[in-house]
Amino acid sequence: MLIARLAEVSQRVAQTSARSRKIDALAELFRETDAEHVGLVIAYLAGRLPQGRIGIGWSILKEPVAPAERPALAVSDVDLALSRIADVSGPGSTAERKRRVHDLMGAATADEQAFLMRLLTGEVRQGALDAIALEAVAKAAEAPAADVRRAVMLDGSLPRVARALFAEGPSALAGFRLRVGVPVQPMLAHTAKSVTEAVQTLDAPAVVEEKLDGIRVQVHRAQDQIRVYTRSLDDITDRLPDVVLAAREMTGDHFILDGEVIALDPVGRPLAFQDIASRVGSRLDVDAARAALPLVPVFFDVLAADGEAVLDLPGGERHEVLARLVPEPMRVRRSVVADPASAEQVAAAEEFFAETLRRGHEGVLVKALDAPYVAGRRGRSWLKVKPVHTLDLVVLAVERGHGRRTGLLSNLHLGARAADGTFVMLGKTFKGLTDQMLHWQTERLGELAVADDGYTVQVRPELVVEIAYDGLQRSSRYPAGVALRFARVLRHRPDKPAEQADTIEQVLRSGQ
């Protein structure tokens with residue numbers, strides 16, 4: 001498989017909004033790919049390098065290299081070259097890494113160079129690629145999509161599943177089973193505006209659980225062997241002796257638990273996510289880090305117990321298993337709505353939500369009690385409810401779009417008013433923008449442009465946008481020391497002058 005072919009399909013997928021055409025294009029590509037390299041092709045299409053971080057930054061990539069005249073660079077050639085670049089270390093490594101990158105770029109045509117640049121800088125953006133690639137793999141291999149999805153759910157890797165599927169056929173999917181010690185992708189939730197809406201949407205017996213603002217962990221125990229994995233399936237066992245100790249003290253010895261790691265202040269209120277992330281990522285001695293900030297695991301689900309998978313059990317039955325394994329102080333607080341038609345029970349659930357916020361947590365999850373655990377998917381049987389904050393902020397600059405947004409002004413730089421009449425930047429977002437909004441803001445911000453370096457367009461601070469966000473987080477990148485969490489655009493406010501946008505003082509008060 002030539003990189004030229006991969007680059008061509010990547011561009012085609014990025015430029016179409018039709019899911020069916022994306023799947024067809026990828027399925028055609030996968031049929032052309034041999035089983036040995038299909039996993040690599042999938043990884044590249046998703047913008048991932050099997051080697052992980054390989055020390056290539058813009059300082060190395062910014063120097064132009066004369067492209068090859070004809071495509072001859074294979075996917076396997078790129079993989080080998082990147083592995084060799086990743087292996088470079090020691091004195092003179094920067095210069096040697098640069099030389100090898102230039103050799104790779106020199107073997108690529110102009111189109112291939114453009115794709116490799118996006119791949120190496122993390123700019124391969126094609127829209128919901130993982131889900132679409134899964135459907136395309138199933139179509140190309142003539143296998144049931146549900147079976148492929150479950151295999152990926154249990155294994156955690158579409159490239160690995162695809163390699164087995166294309167090498168052995170659909171029968172290979174049966175070999176992917178839940179195994180203690182092998183992390184699986186966690187189940188995720190959709191959003192609801194309120195607890196009442198969530199309960200009505202599920203229209204079934206449900207449970208309302210505290211939504212904790214910590215680090216999602218999956219804890220595996222096979223007798224004395226305990227491993228702790230993150231939401232992205234990274235092994236962080238060595239950084240969380242608190243969690244390992246908690247798992248070792250439980251009654252079972254062959255289980256998989258799903259939960260969060262949080263930290264509490266002296267009066268029992270949760271500390272900020274950044275404090276937890278700093279502790280987990282700390283370079284201090286683990287014992288010193290643990291003494292500085294003890295962490296508390298809180299579990300809300302179980303995937304396996306006594307060596308047997310329980311994912312397919314209803315949520316209510318899984319909680320009974322969880323309660324048998326995990327002592328109550330380490331289980332998430334919850335409130336059951338046995339009858340969704342009961343106004344009294346729904347009101348109690350709303351009060352549980354309010355109490356959860358008063359306790360300092362970020363919201364709740366409303367879960368159907370009859371639903372299985374659907375790992376790796378954003379299931380409709382789990383709905384998260386969080387308070388929505390909004391601000392009117394001013395656009396200070398905008399970045400040029402990539403992929404299907406090429407030619408449009410997309411990523412907005414947002415600022416609040418300062419007392420001296422200037423603006424304080426609080427973050428960036430392109431979330432929430434519809435195609436119509438993108439085209440409108442491209443025209444309007446083009447009229448306000450004062451500088452353009454080819455990537456970022458500086459604009460006069462006149463356009464106000466209404467922004468929804470989940471809260472504030474500390475950030476050393478921005479002058480106010482805070483940034484917006486999960487900011488998304490609700491609407492443009494051309495009717496509102498910048499002088500009426502929210503002030504930085506209002507923003508800071510909203511986070512108290």
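Strand E3 (residues 215–222) and strand E5 (residues 254–262) pair in the antiparallel sense over eight bridges. Two strands count as paired if DSSP finds at least two bridges between them. Strands and helices are themselves DSSP runs, numbered from the N terminus: a helix is H or I with at least four residues, a strand is E with at least two. The model is predicted, so local features need pLDDT of at least 70 and side-chain atom pairs count only at pLDDT 80 or more, while totals for chains, interfaces and linings use all residues. Residues are numbered from 1 along each chain as its sequence is written, and side-chain values use heavy atoms, with hydrogens and water left out.

E3 and E5 belong to an open sheet of five strands in the order E4-E3-E5-E6-E7, with antiparallel pairing. Its edge strands, each pairing on one side only, are E4 (225–230) and E7 (308–309). Helix H12 (residues 241–248) packs on this sheet and touches E3, E4, E5 and strand E6 (296–305), where contact means heavy atoms within 4.5 Å. The direction of H12 makes about 130° with that of E4; angles run from 0 to 180 degrees between N-to-C directions, and axes are lines fitted to C-alpha atoms, for helices over the stretch in contact. Helix H15 (residues 315–325) also packs on the sheet, touching E5 and E6, and its direction makes about 120° with that of E6.

Another open sheet of five strands has the order E1-E10-E9-E2-E8 and mixed pairing. Here the edge strands are E1 (188–191) and E8 (334–337). Neighbouring strands of this sheet are turned by 35° against each other on average, direction ignored. E9 (residues 363–368) and E10 (residues 378–385) pair in the antiparallel sense over four bridges, and Lys 367 has Trp 382 in E10 as its bridge partner. Helix H16 (residues 343–358) lies across E2 (206–211), E8, E9 and E10, running at about 145° to E9.

The axes of H2 (residues 19–32) and H8 (residues 129–141) come within 8 Å and cross at roughly 55°. H2 and H8 are therefore oblique to each other: angles under 35 degrees count as roughly parallel, over 145 as roughly antiparallel, 65 to 115 as roughly perpendicular and the rest as oblique. Residues of H2 including Ile 23, Ala 27 and Phe 30 take part in the contact, and those of H8 include Ile 132, Ala 136 and Val 137.

Val 137, in helix H8, is buried, with a relative accessible area of 0%; buried means under 20%, exposed over 50% and partly exposed in between, with a 1.4 Å probe and protein chains only. Not counting residues up to four places away in sequence, Val 137 touches Phe 30, Ile 42, Leu 158, Ala 162, Leu 165 and Phe 166.

The axes of H6 (residues 93–106) and H7 (residues 110–120) come within 10 Å and cross at roughly 140°, which makes H6 oblique to H7. Leu 104, Met 105 and Gly 106 in H6 meet Gln 113, Leu 116, Met 117 and Leu 120 in H7.

Thr 503 lies in the loop between strand E19 (488–492) and helix H18 (504–510). This residue is buried, with a relative accessible area of 16%.
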